[in-house]
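The following note concerns aromatic contacts. Please read the numbered points alongside the coordinates.

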Amino acid sequence: MADLHRFANPTRFLKLAGYIQPWALAVFLISLSVGLYMSFFTAPADYQQGESARIMYVHVPAAWMAMFCYTIMALASAVSLIWKHPLADVSARSTAPVGAAFTFLALVTGSLWGKPMWGTWWVWDARLTSVLVLLFLYIGYMALQGAFDDRVRAAKASAILALVGFVNVPIIKFSVDWWNTLHQPASVVKMSGSSIHPSMLWPLLIMAIAFKAYYVWILLVRMRSELVANKVRILRLKQVHGG
């Protein structure tokens with residue numbers, strides 16, 4: 001924990017974030033451009049689903065990010081509760097809307113992909129329902145953050161929700177293995193190796209890198225903004241009490 005507390009100083013963190021941000025943005029823009037080009041122009045159409053399968057290059061990385069962001073939020077919440085690290089709650093709070101956006105994107109693109117494949121926009125199967133629950137968990141977390149005037153109580157309540165709700169992440173991951181669902185099983189990450197042809201796997205992975213880089217960039221933007229806002233709020237409180 002000593003390494004974590006090195007960056008507890010907001011000034012030190014802001015300096016590090018200022019260095020990482022432009023690199024994360026550059027990686028995001030480059031990988032997004034390459035990933036989209038490969039997704040639409042070099043990757044072949046699926047032999048069963050045709051051109052409609054190209055939506056997976058957005059849908060699958062968005063679904064990965066939905067679970068990844070919640071995992072980061074839960075870990076940050078645990079650090080905030082156990083070790084009281086001053087930046088942990090800020091990172092969890094900054095991650096929540098990003099994760100919610102990725103979850104919403106996964107649900108929308110999944111619905112668009114499901115219509116021609118299943119003949120319906122939505123089915124209440126295990127994978128889709130558990131992802132919808134994930135979206136509600138994100139919304140609940142953000143609602144709790146704003147439900148208390150006391151920021152400490154808000155942080156504690158939302159952190160507990162994040163930790164309790166984390167049980168949904170493995171349910172999402174293994175739902176297609178545990179239950180009979182319309183959703184196709186895992187084909188990229190499997191013990192036996194990926195079953196996707198490299199011509200389709202590479203654009204998928206590059207899009208995943210783009211989404212990860214975007215998360216790093218927007219997370220740092222949001223954290224820096226919140227730290228500056230906190231500093232302004234503290235200065236105003238000092239002025240009020242001093243006056």
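1. Lysine 212 sits over the face of phenylalanine 68, at 4.7 Å from the ring centre. The criterion is that NZ of Lys or CZ of Arg is within 6 Å of the ring centre and within 35 degrees of the ring normal. This is a predicted model, in which local features need pLDDT of at least 70 and side-chain atom pairs count only at pLDDT 80 or more, whereas totals for chains, interfaces and linings use all residues. Residues are numbered from 1 along each chain as its sequence is written, and side-chain values use heavy atoms, with hydrogens and water left out.

2. The structure holds 8 aromatic pairs. Rings of Phe, Tyr and Trp (its six-membered ring) pair if their centres lie within 6.5 Å; planes under 30 degrees apart count as stacked, over 60 as edge-to-face and the rest as tilted. Phenylalanine 28 and tyrosine 214 form a tilted pair, 5.2 Å centre to centre with 50 degrees between the planes. This pair links helix H2 (residues 10–42) with helix H8 (residues 198–242), its members being 186 residues apart. Helices are DSSP runs (H or I, at least four residues), numbered from the N terminus.

3. Phenylalanine 28 is buried at a relative accessible area of 13%, while tyrosine 214 is partly exposed at 29%. Buried means under 20% relative accessible area, exposed over 50%, and partly exposed in between (1.4 Å probe, protein chains only).

4. The pair of phenylalanine 68 and tyrosine 215 is edge-to-face because the planes lie at 85 degrees, with the centres 5.7 Å apart. Phenylalanine 68 belongs to helix H3 (residues 56–83) and tyrosine 215 to helix H8, 147 residues apart.

5. Ring pairs join Phe28, Phe102, Phe211, Tyr214 and Trp217 into a cluster.

Technical notes. Helices (H or I, at least four residues) and strands (E, at least two) are DSSP runs, numbered from the N terminus.
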